[in-house]
Amino acid sequence: MNAAVAFRTSDHERAGLTSCPFRKPPPNTWPASDRYGRQTRATPAWVPMSPATRKLLATLDVLARPNSERWPGAVPPDPRAFRDARAFVLQLPNALTHLPDIGLAHDGEVNFLWQDDVGLHVDLGFYGSGTFSYFARDQQGKEYLGNEWRAADGLPSDLAALLAR
């Protein structure tokens, strides 16, 4: 019996786990952070989030999959761009009336786009530098520009006000 337990334990050690899965593991045997970069020792392993946030994160996960046939000749996005986009999504306010369309540009940008029929246009781009740039135009034609806003800080207040209308 001990040989079988030792065999299972060594398989799990090869998989990166340091305890037997049949016993309750001490909290320090699992990874220190979950897939979205939040610490699991101080917060629950499953961070509560809205269905809209889950949908946006799932879209980013699908776009992050390697696919050389997606666009021939296009520059694939840097994995750090997806990290920044996920950090941004986790900071989005719940008061948004519309979810953005998320896409990839040929130059390696992860792009968020909000558009409506009344003339609102908000375009954000993530390149993997920890920041994002944006261009926005409201219904009256007023334009908003920004470069190098920290992705972890979320939307600037003027854009949050535009998107909450």
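Predicted model: local features only at pLDDT ≥ 70, side-chain atom pairs only at ≥ 80, totals over all residues.
User: Why does Pro 93 count as partly exposed?

Analyst: Its relative accessibility is 32%. Buried means under 20% and exposed means over 50%. The value for Pro 93 falls in between, so Pro 93 counts as partly exposed.

User: How do you know that the reach of H3 is close to the expected one?

Analyst: H3 has twelve residues.

User: Which residues of H3 are buried, and what do they pack against?

Analyst: Ala 81, Phe 82, Asp 84, Ala 85, Arg 86, Phe 88, Val 89 and Leu 90 are buried. The buried residues of H3 pack against helix H2 (51–64), S1, strand S2 (110–115), S3 and S4.

User: What makes S3 and S4 a pair of strands?

Analyst: Pairing needs at least two bridges. Strand S3 (residues 121–126) and strand S4 (residues 131–137) have six, so they pair, in the antiparallel sense. Phe 126 has Phe 132 in S4 as its bridge partner. Four residues separate the strands of this hairpin, and Gly 128 in the turn has a positive phi of about 105°.

User: How do you know that S4 and S5 pair?

Analyst: By the cut-off of at least two bridges. S4 and strand S5 (residues 143–150) have six, in the antiparallel sense. Tyr 134 has Gly 146 in S5 as its bridge partner. Their hairpin has five residues between the strands, and Gly 141 takes a positive phi near 95°.

How values were computed: Residues numbered from 1 in each chain as written. Heavy atoms only, no water. Helix = DSSP H or I, 4+ residues; strand = E, 2+ residues; numbered from the N terminus. Buried < 20%, exposed > 50% of the residue type's maximum accessible area, 1.4 Å probe, protein only. Expected span 1.5 Å × (residues − 1). Contact = heavy atoms within 4.5 Å.
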